[in-house]
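Take a look at the model first, and then we can go through it together.

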Amino acid sequence: MGTGSERARDEVRVVVHPQLEVLQLLRKTKQGRRSIDLDPQTVATLRAHRRRQAQEQLAFGAGYADSELVFRREDGTPVIPHPFTLAFKKAVRDAGLPAIRLHDLRHTHVALLPAAGIAPKVIQERVGHHSAGFTLDNYGGTFPSQHRETADRFAALVGVSGGSSATAD
């Protein structure tokens, strides 16, 4: 984290309504602005979304607030967080999923990557943390199946065979 003066340079206040101001943090750390790899389907979805935004900008005309925000209203201004959060909660409920906060999607993403065999350093760089240790300390929860798999893999490495591991108390 930077000093207060560094952080202040990275803040932008955007008025989206006369009584509502949204604070946008452009980044919290130097790792905050980064490029990450995305799968082809996500890239295609984002490109289609950008095309829709370009059409909205043309339709809106000269008063459009030109920004590079991925999520913005039809006039280009930032999405007001509360209604966006309510819409997300409704979408989750309508899909029959357990209640989850929007930011929990980031936590879920980070927590599942180790189970997929992704190296901690890669996860740290992907999410912009200052160290892999921080990532592991905060998101390094394990799943019971990982402990069983670890025991089985170790047994295979040292030449012990014989089915799935048992839990020792």
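Accessible areas come from the Shrake-Rupley method with a 1.4 Å probe, and for residues only the protein chains shown count as cover. This is a predicted model, in which local features need pLDDT of at least 70, side-chain atom pairs count only at pLDDT 80 or more, and totals for chains, interfaces and linings use all residues. Residues are numbered from 1 along each chain as its sequence is written, and side-chain values use heavy atoms, with hydrogens and water left out.

**Overall**
- The protein has about 12900 Å² of accessible surface, and carbon and sulfur atoms hold 58% of it.
- Of its 169 residues, 16% are buried (under 20% relative accessible area; exposed is over 50%, partly exposed in between; 1.4 Å probe, protein chains only).
- Seven helices and two strands make up the secondary structure (DSSP runs numbered from the N terminus: helices are H or I of at least four residues, strands E of at least two).

**Helix H5 and its surroundings**
- In H5 (residues 120–127), Ile 123, Gln 124 and Val 127 are buried.
- These buried residues line one face of the helix, because they fall within an arc of 100° seen down the axis of H5 (the arc is that of the directions from the helix axis to the C-beta atoms).
- They pack against helix H4 (104–112) and helix H6 (132–139) (contact means heavy atoms within 4.5 Å).

**Phe 84**
- Phe 84 sits in helix H3 (residues 81–94).
- Phe 84 counts as partly exposed because its relative accessibility is 31%.
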